[in-house]
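Thanks for coming, everyone. Please look at the model on the screen while I talk.

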Amino acid sequence: MRARHTIAMLLTLASAVRAATKPNVMFILADDLGWNDIERHGSPQIQTSNINDLCDEGVQLNRYYGQPVCSPTRSTIMSGRHVIHSGIYEPFSQGTNQHLNLSWKLMPQYFAEAGYDTHMVGKWHLGMNLMDTLPTSRGFASYLGYWCGAEDYYTHEASSNAATGYDFQDMTEPTFAYNGTFSTFAFTERAVKILREQYANASANPFFFYLAYQNVHWPLEAPEEYMQKCAGKTGGNTARQTVCALATLLDDGIGNVTRALQDIGRLDNTIVVFSSDNGGPTNNTEGTQSNNYPLRGGKNTIWEGGTRLSGCIRGPNLPKKTVWNGLMHTTDWLYTLLDAAGAAPPETPQPGDGMSVWSSLSTSNATSPRSWILYETHPDNQQIVHGHAYQSGGMKIVWTGPSNPAQEHGWFPPPGQDPSTVHYTVDCGAPPSVPSNCGPSWCLFNVTADPCEYHDIATEHPEIVTALVNEIQVYQPSAVPPLKGQGCEPVIDAQGAWRPCD
C-alpha cells in the first residue's frame, strides 16, 4: 500500500514538473486599435497602464507588422501563412461562406498536439458557414464569443446586407444569457473564470489561450462610466471619446487577466502576448476615430499607419524593459510561440510565410532573422485590393491599389490633441501639406529615417526601386487570387441566431 502511495505521489510530482516546465501562452488581441491609441507610443490622451506594465515587464515590439485589416491578420496569426497564400486580403463580410483553408493546421492544433489545453474567448472572423470552420473544429477545446466580424457590444446582433441575427456562442450553440452584457466584461469574466477554476493547481496542463477582444471596433458604444473617464480629453469629439473609453476598458480587461494569472501563480511561467490586429480606422473612416498619428494612413491601407502594429510580449526567458527594433510579422507568431514552448514548428510552407524570431527576442539580439516585410503583392503587378508594398533594408516600395480609403491618405492627429505638445516615440516633425500619390507608379520611402512616409525618394534612387521590385516579384508567382466563398451560406435559425448551414 505504501509503495502504491509513493508511486502515485511521484507520478503527481512528475506531472506537475512537466506542466511547470512548459510555458503557458496567453495571446491577447485588440481590434482596430491604432498606433496612437495607447500611452506606450507617447500620447497621454488615453491611459493604458496595464499595457504599459506588460511592455515594461517584457519586450516592446517596435517594428512589428501585420495586414491592414481584420480577417487577413487573424488568418496569419492562426496559420503562419501570408495572405498571398490564403487569398484573404480583405475582411470576411457578415453572413459569408468564406473561410480559412480547412486543410491547414492552425496554432491551437499544434499546441494541443504538444500537450496543451486550448481555449478561445472572443472574436473569430475566420469562418462560420460550416461546423468545420468554427473555432471548436480548428483546435480550440473551449470557446465563448462571436464568429462574425462586427456586432453590437450589448445585444450581440450582427447584420449582413440581407438579415440581422444574434451571434454570441458558447462552444457551437448560441447563448442568450449574455444578451445585454457588454462583450468586454463577458470575455474578461470567462477568461478569468477558466484560469482560476482550471489552472490554480500546479499539476494542471499547460494552456494556450487566445483572447480576442472586440474593443475598439465599431459600433461606437461604451459604458457610461468609461465615457466619463475620457470626458474633456477629445476636444468635444464624441467618436474619439468613445474610442478612448473602449481602449480604457480594454486595458482594464487586460489588467484583470494578468492579475488572475498572478493570483494563481502562473504569471511567471506564462508568455503573454499583446497585439493589435491592424492600424486603426482614422479620420472618421468607418465612422470612427481610432488614431495612428504620426504614422501615415490607417486601416485598409498599406501605409505604415495601417500595418505597423502595437505589440508586446513578456514571459519566462524574456528580457524586461526592452524595446526591440527587429522586424517581425504576424505570420511569425505560430513559429515563434511553438519554438518558445519547445514544440517543433512546421517548416515554412512557402516563401513569404512565417519564421521563428524567438532566439532574437529571448536573447535581446537586436538583429531579427527576418530582414524583410511583405505587406501585399499580386501576380504580374496587378493593381487589385490594397496593391503592393515591400520593405527590405529599411527601404519600402509602395504601389497602392483600389482598396485605399481616400480619407486616410495622409496624417491625422486625433481630435483634442495638439501634436506640438506631445513627445511621440516616432518623431517625424510636421507632415507635408500634400501627401505623395503612389498609385500611378512605385514610390520609395526610407522607413528607418522617414517612418512617417513623408518623402518619396523613388526618382532619386531608381536603382533601389528596381532592386526591391525584383525582390517582391519573387513572391508574386505563388500569390493566389482573392478568396471566394465555398459551400452554403450561414443561416439565421428560429431563435434568431446565426448558425452554420450544415
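Start with β3 and strand β4 (residues 142-146): they run parallel, joined by 5 bridges. Strands here are DSSP E runs of at least two residues, helices are H or I runs of at least four, and both are numbered from the N terminus. Two strands pair if DSSP finds at least two bridges between them.

A word on the source. This is a predicted model, where local features need pLDDT of at least 70, side-chain atom pairs count only at pLDDT 80 or more, and totals for chains, interfaces and linings use all residues. Residues are numbered from 1 along each chain as its sequence is written, and side-chain values use heavy atoms, with hydrogens and water left out.

Which residue is the bridge partner of H119 in β4? It is S142. In β9, the bridge partner of H119 is F209. β3 and β9 also run parallel, with 6 bridges. β3 is mostly covered, with 6 of its 7 residues buried. Buried means under 20% relative accessible area, exposed over 50%, and partly exposed in between, using a 1.4 Å probe and protein chains only.

Now zoom out. The open sheet has 10 strands, in the order β8-β7-β4-β3-β9-β1-β10-β11-β2-β12, with mixed pairing. β8 (173-174) and β12 (322-329) are at the edges; each has a single partner strand, so one side of each has no neighbour in the sheet.

Next, β1 (residues 24-30) and β9 (residues 207-212). They run parallel and share 5 bridges. I28 has L211 as its bridge partner in β9. Helix α3 (residues 70-79) packs on the sheet and touches β1, β3 (117-123) and β9. The direction of α3 makes about 170° with that of β1. Such angles run from 0 to 180 degrees between N-to-C directions, and axes are lines fitted to C-alpha atoms, for helices over the stretch in contact.

What does L211 touch, beyond its neighbours within four places in sequence? M26, F27, I28, L29, V121, F187, A191 and V257. Contact means heavy atoms within 4.5 Å.

L211 also belongs to the largest nonpolar core, which has 101 residues. Such a core is a set of buried Ala, Val, Leu, Ile, Met, Phe, Trp, Tyr and Cys residues joined through side-chain atoms within 4.5 Å. L195, L211, I313 and W333 have the most contacts inside it. Helix α8 (residues 238-263) gives the largest share, 11 residues. Another core, of 21 residues, lies apart, and W442 is among them.
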